[in-house]
Amino acid sequence: MRVQFQLQNPTRFLLDPTKPRGPKGPTHHHPYNDGEDRSRTKLRKPRRPRHTMSSSSSPSPFPLLNAVSPSPLLRPLLPPSSISHRNSYSNCSTCKPLIFHANQNRHRFVKVRSQLSGPFISPEDHWGTWTALFATGAFGLWSEKTKIGSMVSAALVSILVGMAASNLGIIPYDAPAYSIVMEFLLPITLPLLLFRADMRQVMQSTGTLLLAFLLGSVATIAGTLVAFLVVPMRSLGQDSWKIAAALMGSYIGGAVNYVAISKALGVSPSVLAAGIAADNVICALYFMILFALASKIPPETPKLTNDVALNMESDSGSKLPVLQTATALAVSFVICLSATYLTKLFGIQGGSLPSITAIVVVLATALPMYFGYLAPAGDTIAVVLMQVFFAVVGASGSIWNVINTAPSIFMFALVQVMVHLAVILGLGKLFRLDLKLLLLASNANIGGPTTACGMATAKGWSSLVVPGILAGIFGISIATFLGIGFGVMVLRHM
């Protein structure tokens, strides 16, 4: 029987140079002619080789390939350069045996292990992340019906649940859904909350709240001085006074001022990221303290004009009118679109939220009857979206990341806000200001206009919603200049 030799499978037939060459045997012309006559070679079918399975590797279908050196029977088939290396025939272009790795599942194990080390809901799981955020907000609203939840408010419950979920590895610390909440849902919430913002009714209370806000700004400056002396952050080098100035601007205005001051002073990216993480945790913890201090302050009784009261009577049922809700959302989108366009047109960095607030306040003051008619639907939608916002605030607070990355920044910010709270409460008692005004002004200092608006809405202080936003906007307008000036003139030389 004649068989055709194939170089791609060298172990199927082996050359036997001891047998005589005959004219009838199959021939093979070796490509590597080293001077010997190998033009015609008799082939024979080899015996099945005996081998033992090594304890350190899996059995191979080609036992002869596991030898230390190639068999003498295979030497005529291999190039001279490949004989000196152990398993060098795996590099042969014509011989391609199947090679089994002893630990071929190693990479798969590492991959599974890295997946298990992340959160249960990955940042790329958009449906899971949105489900967790809205479920947290709904749980916060439901908790107000319980005895404990009514004492701490729905906003605080959403913050606590979001922080616990992220630090326990259920939801991520950062996800694309969080950016959508901050960039889109939060701006839409502002007009919905401010449809009642008739400035002719709130101008009388703004002056007192503005005084409380100025006292809070002084308290932040005092807290920055004390914290820089107690926690100098020398390990950060030149970034120490820069990050201190940026945090001071953040606790007078908001996150926009923090980024602006950091870029103006040249803070390194790693310190900038650590400061943002510390700020998220500090804000979440500080809001808990503020809501706890305000737990015994009762909500206000809504005071509506006759026209607005007549509009509310038509919505006394449990169903929310579809047309009213759709109109409220459409108007909110139009206001956000106009504010964004004006901000880009004039090149105002971080001016979207102030522009949205200014436009809706002007429209609500000029057309109080029309916006008063849309206010009930706007309030309902805004309350739900604000709960999602508070869930994101809590979820963004990575306690372990802050402690492991930059514990000095965390301690600095902690001392800074604690001194701020002590000073504003002391000065408020000296000037005989209402505790409600002091807590809301402190919220506007530490968190900005949006968190002040959320606190006033959650606590039922309807007359302080617009004043709290206006005070926060005033802080944003001055915080960048105060932070840069105080950092260059004072903190740099300490």
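Visitor: In which helix does valine 181 lie?

Guide: Valine 181 lies in helix H4. Helices (H or I, at least four residues) and strands (E, at least two) are DSSP runs, numbered from the N terminus. This is a predicted model, in which local features need pLDDT of at least 70 and side-chain atom pairs count only at pLDDT 80 or more, whereas totals for chains, interfaces and linings use all residues. Residues are numbered from 1 along each chain as its sequence is written, and side-chain values use heavy atoms, with hydrogens and water left out.

Visitor: How many helices and strands has the protein?

Guide: The protein has 17 helices and two strands.

Visitor: Is valine 181 buried or exposed?

Guide: Buried means under 20% relative accessible area, exposed over 50%, and partly exposed in between (1.4 Å probe, protein chains only). Valine 181 has a relative accessible area of 2%, so it is buried. Across the protein, buried residues make up 45% of the 494 residues.

Visitor: Which residues are in contact with valine 181?

Guide: Contact means heavy atoms within 4.5 Å. Leaving aside neighbours within four places in sequence, valine 181 is in contact with Trp130, Leu133, Leu186, Pro187, Val388, Phe389 and Val392. The C-alpha atoms of valine 181 and valine 392 are separated by 7.8 Å, although these residues are 211 residues apart along the chain. For the protein, 77% of the contacts with a separation of 6 or more are between residues 24 or more positions apart.

Visitor: Which residues does alanine 219 touch?

Guide: Alanine 219 is found in helix H5 and counts as buried, at 0% relative accessibility. Not counting residues up to four places away in sequence, alanine 219 touches His420, Val423 and Ile424. Alanine 219 and isoleucine 424 are 205 residues apart in sequence, yet 5.7 Å apart in space, C-alpha to C-alpha.

Visitor: How is a pair of aromatic rings described?

Guide: The description uses the distance of the centres and the angle of the planes. Rings of Phe, Tyr and Trp (its six-membered ring) pair if their centres lie within 6.5 Å; planes under 30 degrees apart count as stacked, over 60 as edge-to-face and the rest as tilted. A search of the whole structure finds seven aromatic pairs. One of them is the tilted pair of phenylalanine 195 and phenylalanine 371, at 5.4 Å centre to centre and 55° between the planes. This pair links distant parts of the chain, 176 residues apart: phenylalanine 195 is in the loop between helix H4 (176–193) and helix H5 (199–230), and phenylalanine 371 is in helix H12 (residues 368–395). Both phenylalanine 195 and phenylalanine 371 are buried. Another pair, phenylalanine 389 with phenylalanine 390, has ring centres 5.6 Å apart and planes at 55°, so it is tilted. Phenylalanine 389 counts as buried at 4% relative accessibility, and phenylalanine 390 is buried with a relative accessible area of 2%.

Visitor: Which residues form one aromatic cluster?

Guide: The cluster is formed by Phe195, Tyr370 and Phe371.

Visitor: At what angle do helix H15 and helix H16 pack?

Guide: Axes are lines fitted to C-alpha atoms, for helices over the stretch in contact, and angles run from 0 to 180 degrees between N-to-C directions. Helix H15 (residues 435–447) packs with helix H16 (residues 449–459) at an angle of about 145°, their axes being 7 Å apart. From H15, Leu439, Leu440, Asn443, Ala444 and Gly447 meet Thr450, Thr451, Ala452, Met455 and Ala456 of H16. By class, this contact of H15 with H16 has six nonpolar, four polar and no charged residues. Here Ala, Val, Leu, Ile, Met, Phe, Trp, Tyr, Cys and Pro count as nonpolar, Asp, Glu, Lys and Arg as charged, and the others, Gly among them, as polar.

Visitor: What is phi of arginine 432 near?

Guide: Most residues other than glycine have a negative phi. Phi of arginine 432 is near 60°, a positive value in a residue other than glycine. Arginine 432 is found in the loop between helix H14 (407–430) and H15, and at 76% relative accessibility it counts as exposed.
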